[in-house]
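Okay, thanks for coming, everyone. Let me put the structure up, and then I'll walk you through the bits I'd like you to look at.

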Amino acid sequence: MSDLIRKDPRKDWILRNRLHPLHEQVAAEMNGPAAEVRGPSGLIRRNPHAVGFIGPNGIKRIDRLGGSAAAAAGAKREQKEEQLPIIAIDAPQAYVAVVVDMPNGELSAHDKDVLGQARALADAAEDTAVLAVVFGPVKAALGTEANPDHPLGLAGVDRVVVFDSEAYQGFAPEQQLEAMLAVERTLEPAQWLFPDTHLSGNDRALRLAARLGERPIMHAWQIKNGKVTSRGGSELTDITRELASARILALASECAMPVDEARYEARVIASPAVPDVLTRIKDAGAVAVDPNQISLGEAEFILSAGNGIHDWDQFHEAARVLGATEGASRVAVDDGFMPRFRQVGATGTWVTARVYIAVGISGAVQHLQGIGSCEKVIAINTDAGCDMVKRADLSVIGDSQEILAALMAKVQADGAADGDEGKHDVA
Amino acid sequence: MMLHSKLSSNPAKNYTVATLVSVGKHPKSGRPRRSDQDSKALELALNMDNRSVHVIHAGDSSDPLRQSVLREYLGMGLERIDVTRQNANSDAVPALVERLKMLQADVVLTGSRAESGEGSGMVPYLIAQALGWPMVPAAVEVTAAGDGEFEILQALPRGQRRLLKVRAPFVASVDSAAAESRQTAWASGQRGQLQEMAIGSNPDEVMSQVTVEPARKRPKRIASAKKAKTAADRFKAATAKSASKGGAILVKESAEEKAQVIYDLLVSQGVINKKK
Ligand SMILES: Cc1cc2nc3c(=O)[nH]c(=O)nc-3n(C[C@H](O)[C@H](O)[C@H](O)COP(=O)(O)OP(=O)(O)OC[C@H]3O[C@@H](n4cnc5c(N)ncnc54)[C@H](O)[C@@H]3O)c2cc1C
């Protein structure tokens with residue numbers, strides 16, 4: 001049976017017309033047994049208890065939509081997974097190249113926005129394909145076959161060139177520039193788009209522009225009606241110029257909506273031959289940074305202390321062993337156990353840590369506001385009902401002292417990173 | 001004075017650092033000031049051992065307001081600034097390149113992005129391209145390692161650092177994360193010299209064709225507003241809470257087991273490294 005809601009206009013009409021001879025019958029059909037009866041004196045009597053019906057969760061519902069909602073209420077309409085159409089460009093005549101960042105081999109939200117913009121530019125021209133240029137390995141396997149369900153295909157990429165040999169890893173701007181020049185020579189993209197990100201997209205765009213003698217548009221945030229708007233120095237001005245005046249653009253995040261209405265082929269094409277360059281800038285690797293030197297707003301991993309900490313020496317030791325930046329709730333700061341600049345929350349710092357461990361923090365709104373953009377929150381608390389536990393992705397109920405001691409023992413036993421030496425590579 | 005005593009005491013290891021400074025703009029008030037990154041670059045240069053520092057400015061220096069900003073740089077303890085005079089709205093890069101060639105600098109330090117005008121951050125790259133030198137972005141520390149080799153500490157996102165090695169000559173742009181610059185002293189700023197030099201200026205044609213307006217506020221993206229087809233969907237998208245809906249809760253396990261679960265999560269998130 002089709003679960004589409006069908007309206008019966010005749011019944012609706014009867015329902016609206018109280019003087020219709022069939023009105024009561026139809027109303028009863030819709031809303032249960034006689035809600036309205038004519039009393040002995042001839043007046044209409046309304047029985048409020050008879051109105052409505054009992055919903056699936058046992059709560060009475062009154063249907064004022066004339067039955068159309070009642071039909072839907074029973075079973076949740078099963079939603080057919082719509083397959084997005086696949087759009088293929090078989091013989092591209094031109095390309096819009098996007099050099100994606102792909103940190104950790106996956107598209108970032110910023111990458112997707114830039115690809116969305118590239119899609120718009122490509123679709124505005126004839127037979128133009130979006131070409132993704134990728135440095136480093138891609139997490140989900142790609143192939144020379146069409147692969148529309150690959151994250152790149154879903155993001156609007158027609159063709160992919162991958163440069164993933166050893167020479168492109170780490171900070172290798174010279175070799176990467178050479179690869180971009182090879183793409184420029186062989187495929188001659190009509191435009192080069194970059195996400196305007198510190199040290200990756202931004203640096204690549206400027207290098208390519210300087211080498212090609214092109215004037216780039218950096219910090220662009222809107223492309224509309226053939227004009228590009230970009231932010232000037234100090235973010236004080238908007239500079240608008242013709243889109244046609246530049247081939248190299250670095251785009252801010254949220255410059256355009258990501259692609260979500262079609263799938264594209266994401267087909268790998270042979271990467272052009274790239275000569276090896278003399279690397280004059282040598283990457284000597286990541287340097288250990290004292291986590292407490294990193295500003296709280298920037299830190300990636302925070303161990304935060306609240307009123308539930310009783311052994312402060314142990315807490316500082318735990319932060320050192322884990323290699324985490326220290327944070328605190330307001331109470332810990334007001335009581336003088338932590339300096340003011342360590343306070344997290346509405347009146348402290350809004351942190352962006354990927355992993356946030358809250359030890360003995362109850363989770364007051366003022367504190368939760370400050371950790372709104374943390375990805376993984378771990379709560380250590382004696383109270384299983386507190387708000388921090390509701391927010392946390394993992395909650396451990398127990399005494400903070402005991403659990404921190406066990407955690408430190410665990411980390412030290414496994415010979416894992418110590419605060420001073422172990423640092424993750426953020427390349 | 002300090003510069004010269006160091007210069008003569010150890011002539012063998014000496015090298016020349018050129019720092020390019022520009023007239024900045026306060027991000028809130030819009031008033032001219034020492035550019036933050038340029039003064040940090042100058043601070044870096046002044047803190048290097050056995051170097052002589054040349055500070056170069058290219059621009060329209062007839063304006064008294066701009067001159068007073070240059071005097072703020074002089075107030076950091078400089079004797080003079082080379083000013084290559086340019087007309088207003090001209091492209092400073094050719095003049096800077098010419099000046100750097102004359103100077104035979106080993107290291108060129110600049111800011112990453114100018115505070116006024118287009119602020120594209122192209123200048124250090126164009127200079128490096130014109131001189132054929134490597135360009136290192138986002139430096140926070142530059143130290144000479146001997147034999148013409150330099151070690152550069154580079155600022156990565158999230159407060160991380162990376163060490164790079166490069167041979168002089170090179171160009172490096174300085175990140176905002178570098179150490180704060182010293183204060184400027186008004187009196188020594190007045191004493192220092194602005195040494196002018198005429199190098200032909202090239203008008204910047206592209207910038208004369210663009211429209212420049214005060215920055216507009218960027219519209220906020222509304223979560224999946226485009227996808228929502230019905231009013232109910234839009235309402236849901238606008239009011240949805242982003243907070244996660246509570247995760248695993250461990251109550252009865254022993255402290256060791258609880259610690260193990262936390263530890264596994266930390267390792268899987270990559271915030272601590274497992275050695276074994
Ligand atoms: C205008 C205003 C602004 C504010 N701004 C901020 C702000 O920016 N940042 C901020 O943090 N606060 C702020 N606050 C304060 C906030 O409302 C809370 O008072 C504060 O966050 C509570 O801190 P807490 O969770 O550490 O302490 P408590 O609320 O006392 O919580 C302590 C928690 O520790 C647990 N605990 C106790 N003993 C142990 C143990 N042995 N082991 C494990 N757990 C244990 C308890 O179960 C409890 O959940 C602000 C308040 C106001 C009015």
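Let's start with a quick one: does Trp312(A) count as buried or exposed? At 10% relative accessibility it counts as buried, because the cut-off for that is under 20%. And before I go on, do keep in mind that this is a predicted model.

So who does Trp312(A) sit with? Trp312(A) makes an aromatic pair with Phe337(A), and it's a stacked one, with 4.9 Å centre to centre and 15° between the planes. What I like here is that the pair links distant parts of the chain, 25 residues apart. Trp312(A) is in helix 8 of chain A, residues 312-322, while Phe337(A) is in the loop between helix 9 and strand 19.

Zooming out on the aromatics, how many pairs does a search of the whole structure find? Eight, over all chains. Another stacked one is Trp192(A) with Phe194(A), at 6.2 Å centre to centre and, again, 15° between the planes. Both of those residues are buried. There's also an aromatic cluster in chain A, made up of Phe135(A), Phe163(A) and Tyr168(A).

The side chain of Gln343(A) puts an N or O atom 2.9 Å from a ligand oxygen. The side chain of Thr382(A) does likewise, with an N or O atom 3.2 Å from an oxygen of the ligand. With Ser400(A) it's the backbone: an N or O atom there is 2.8 Å from a ligand nitrogen. As for cover, the ligand has 1,000 Å² of accessible area on its own, and the protein covers 73% of that.

Now the overall layout. Chain A is divided into three pieces: domain 1 is 9-61, domain 2 is 86-268 and domain 3 is 291-418. Between domains 2 and 3 of chain A, the C-alpha centres are 39 Å apart. Chain B has domain 1 at 15-209 and domain 2 at 216-276, and their C-alpha centres lie 43 Å apart.

Last stop is the backbone of chain B, for anyone who likes checking torsions. Going from Ala168(B) to Pro169(B), the peptide bond is cis, with omega near 0°. Pro169(B) is in the loop between strand 10 and strand 11.

Then, which way does phi go at Ala138(B), positive or negative? Positive, near 55°, and this isn't a glycine. Ala138(B) is in strand 8 of chain B, residues 135-146, and with a relative accessible area of 3% it's buried. Arg158(B) is another non-glycine with a positive phi, near 60°. Arg158(B) lies in the loop between strand 9 and strand 10 of chain B, and at 22% relative accessibility it counts as partly exposed.

Terms used. Residues numbered from 1 in each chain as written. Chains lettered and ligands numbered in written order. Predicted model: local features only at pLDDT ≥ 70, side-chain atom pairs only at ≥ 80, totals over all residues. Heavy atoms only, no water. Domains from an automatic or database assignment. Polar contact = N/O pair within 3.5 Å; in protein donor to acceptor, adjacent residues only side chain to side chain. Areas by Shrake-Rupley, 256 points an atom, 1.4 Å probe, with all protein chains shown as cover. Phe/Tyr/Trp six-rings, centres within 6.5 Å; stacked < 30°, edge-to-face > 60°. Buried < 20%, exposed > 50% of the residue type's maximum accessible area, 1.4 Å probe, protein only. Helix = DSSP H or I, 4+ residues; strand = E, 2+ residues; numbered from the N terminus.
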